[in-house]
Amino acid sequence: MQAAEFVLPGAAPRPQAAATPAQQDHLDEAARLMTVCNSCRYCEGLCAVFPAMEMRRAFGSGDLTYLANLCHNCGACNSDCQFAPPHEFNVNVPKVLAEVRNDSYARYAWPGFLAPLFRRNGLAVALIAALSVAAFMFGFALWHDPEVLFGTHRGPGAFYRIMPHNTMVAIFGAAFLWSVLAIAMACIRFWRDIGEPAGTLRDPAALAEGAHDAATLKYLDGGGMGCMNESDRPDDNRRLYHHLTFYGFMLCFAATSVGTLWHYLLGRDAPYPWWDLPVVLGTLGGIGITIGPLGLLAAKLRRDRQLMDESRMGMDVAFILMLLLTGVTGLLLLVLRATPLMGVTLALHLGFVFGFFITMPYGKFMHGIFRGLALVRYSAEKKRHLG
């Protein structure tokens, strides 16, 4: 069943991204559920998905992808729904929208031929990439001078005795720029497919509201009660772990940015004293991306399987694990940087950073990007609808 589309006033005509047969099955099921939910509307106060759904009478693939990325998978609608399994209507909105949402990462991935590789073997690919870079750095330093690798180095420039600064910049700069390009291309494809005018991205009010809702995880509360996990008793632990992970990542990014300014503008080489700004930011960020991913992983293992798309666990776990290992090895590097273990720890840490960079555009990292764009669109279309 492929329903005709309903386009809000002011929305642009949308080109449709090609869907595989399995992805089309998920879209068809999502269209069926949204039609049922649009007739019921009992859950309209729970999150943004249902008010956005009510602005439509039929659902094209772009609409369904948009609604799926608005969904925060809190599970409240499944708990409240009178038609949820084992009812014959089999309305399971969290699981079906999770399938459509996960499909969107592959549908909009750039270049597209890489998406199946990461979808099927996400954890293996990420770990192999990370350990390969760590092994390369370890081998490079060992071949160049074994005494340097296992020596004790202190003071500015100690890291660059293991591997030259320019070599590090070339390797990780290329990986980061590739990820930025791939993410930008995926966002362009997503935005075009959901049919939103480009002008929305120049609307300060929509951008501000969307950024606020994303940064506060406004809709990860089940309408105020909290998330449903292994039981029908709601809690907000997933919100806490998401915040620790997101803001921990942002602090680590800030630490790297400040360190770059210190190096190129002030001529100061890492490692810096423990009280210096890059170290303080990196330490706080490392704690966040250690505790947050551990909590998310524990919550995922406890989660009611009825709410999940279990077929994509590999890439989900890869994302969480790569962040966790990046945080753990970063903290270890802080502790061991003036010991003979510094060289090995640095190689492992940079390996996991590299693995995280190259997997960002092809897995769960994209849910934050697409969800932010979906929230911006929701803010804009609310005003159009009311107008």
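The lining of the second largest pocket consists of 23 nonpolar, ten polar and eight charged residues. Ala, Val, Leu, Ile, Met, Phe, Trp, Tyr, Cys and Pro count as nonpolar, Asp, Glu, Lys and Arg as charged, and the others, Gly among them, as polar. The model is predicted: local features need pLDDT of at least 70, side-chain atom pairs count only at pLDDT 80 or more, and totals for chains, interfaces and linings use all residues. Residues are numbered from 1 along each chain as its sequence is written, and side-chain values use heavy atoms, with hydrogens and water left out.

**Second largest pocket**
- Its volume is about 1100 Å³ (the space filled by probe spheres set on grid points joined across faces, edges and corners).
- A pocket is an open set of points on a 1 Å grid over the protein atoms alone where a 1.4 Å probe fits, with protein on both sides within 12 Å along at least five of seven lines; lining residues have an atom within 4 Å of a point.
- Of the 41 lining residues, His242, Lys364, His367, Gly368 and Arg371 lie nearest the centre.
- Helix H14 (365-386) supplies the largest share of this lining, eight residues (helices are DSSP runs of H or I, at least four residues, numbered from the N terminus).
- Domain 1 (22-109) and domain 2 (112-385) both contribute to the lining, so this pocket lies between them; the domain bounds come from an automatic or database assignment.

**Largest pocket**
- The largest pocket has a volume of about 1600 Å³.
- Cys252, Ala255, Thr256, His349 and Leu350 are the closest to its centre among 45 lining residues.
- Helix H10 (237-265) gives the most to this lining, eleven residues.
- The lining divides into 30 nonpolar residues, 14 polar and one charged.

How values were computed
Helix = DSSP H or I, 4+ residues; strand = E, 2+ residues; numbered from the N terminus.
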